[in-house]
Amino acid sequence: SCAQTPVVQVVDAKTKAPVAGASVKAISGNYYSDSYYTDADGVTEEPAFPGGASELEIKRSGYQTTRVKY
């Protein structure tokens, strides 16, 4: 069987349109993963974080920075 890489999709809260070029980082306490950037469909790999992370931080110019617990 094939293992699938977890992905994140970023969409506009009002229009539900995909947001391309958004930065997605995993956060654990004061530690941040590398940034992953969304493609034209608003999709990127879920950032990997040693030991796991508790939040994702999503940033894009023109949008409010958002943190999502997971």
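This is a predicted model: local features need pLDDT of at least 70, side-chain atom pairs count only at pLDDT 80 or more; totals for chains, interfaces and linings use all residues.
Reader: How much confidence does the predictor place in the protein chain, and which element has the highest mean pLDDT?

Author: The mean pLDDT of the protein chain is 90, and 94% of its residues reach 70 or more. Among the elements, strand β3 (residues 31-32) has the lowest mean, 88. The highest mean, 96, belongs to strand β4.

Reader: With which residue does K69 form a salt bridge, and what is the N to O distance?

Author: The partner of K69 is E55, and the closest N and O atoms are 3.7 Å apart. K69 lies in strand β7 and E55 in strand β6, so this pair ties together parts 14 residues apart in sequence. Whereas K69 is exposed, E55 counts as buried at 14% relative accessibility. The partner is thus a buried residue, and the salt bridge of K69 is with E55 at 3.7 Å.

Reader: Which residue forms a salt bridge with E57, and what is the distance between the closest N and O atoms?

Author: E57 is buried, with a relative accessible area of 8%. The residue that forms a salt bridge with E57 is R67, which counts as partly exposed at 42% relative accessibility. For R67 and E57, the closest N and O atoms lie 3.3 Å apart.

Reader: What distance separates the closest N and O atoms of E55 and R67, and how many salt bridges does the structure hold?

Author: E55 forms a salt bridge with R67, with the closest N and O atoms 3.6 Å apart. This pair links strand β6 to strand β7 (residues 66-69) across 12 residues. E55, E57, K59, R67 and K69 are linked in a network of salt bridges. The distance for E55 and R67 is 3.6 Å, and the number of salt bridges in the structure is 4.

Reader: Which strand pairs with β2 over 5 bridges?

Author: β2 pairs with β3 in the antiparallel sense over 2 bridges, and 2 bridges also join β2 to β4, likewise antiparallel. Individual positions include V24, which stands opposite Y36 in β4, and I27, which stands opposite E55 in β6. The strand that pairs with β2 over 5 bridges, in the antiparallel sense, is β6.

Reader: Which elements give two or more residues to the largest nonpolar core?

Author: That core comprises 9 residues: V8, V10, V19, A22, V24, A26, F49, L56 and I58. The elements contributing two or more of them are β2 (23-28) and β6 (55-59).

Reader: To which backbone nitrogen does a polar atom of the T38 side chain lie 2.9 Å away?

Author: T38 is in the loop between β4 and β5 and is buried, with a relative accessible area of 7%. Among its contacts are V10, V19, G21, A22 and V24. A polar atom of its side chain lies 3.0 Å from the backbone nitrogen of G21. At 2.9 Å, the backbone nitrogen is that of A22.

Reader: How far apart in space are D39 and G21, C-alpha to C-alpha?

Author: D39 lies in the loop between β4 and β5 and counts as partly exposed at 38% relative accessibility. D39 touches V19, A20 and G21. Although D39 and G21 are 18 residues apart in sequence, their C-alpha separation is 6.2 Å.

Note on methods. Residues are numbered from 1 along each chain as its sequence is written. Side-chain values use heavy atoms; hydrogens and water are left out. pLDDT is the predictor's confidence in each residue, from 0 to 100. Helices (H or I, at least four residues) and strands (E, at least two) are DSSP runs, numbered from the N terminus. Buried means under 20% relative accessible area, exposed over 50%, partly exposed in between (1.4 Å probe, protein chains only). Contact means heavy atoms within 4.5 Å. A nonpolar core is a set of buried Ala, Val, Leu, Ile, Met, Phe, Trp, Tyr and Cys residues joined through side-chain atoms within 4.5 Å. A polar contact is a pair of N or O atoms within 3.5 Å; within protein, one must be able to donate a hydrogen and the other to accept it, and residues adjacent in sequence count only if both atoms are side-chain atoms. Two strands pair if DSSP finds at least two bridges between them. A salt bridge is a side-chain nitrogen of Lys or Arg within 4 Å of a carboxyl oxygen of Asp or Glu. Lists of a residue's contacts leave out its neighbours within four places in sequence.
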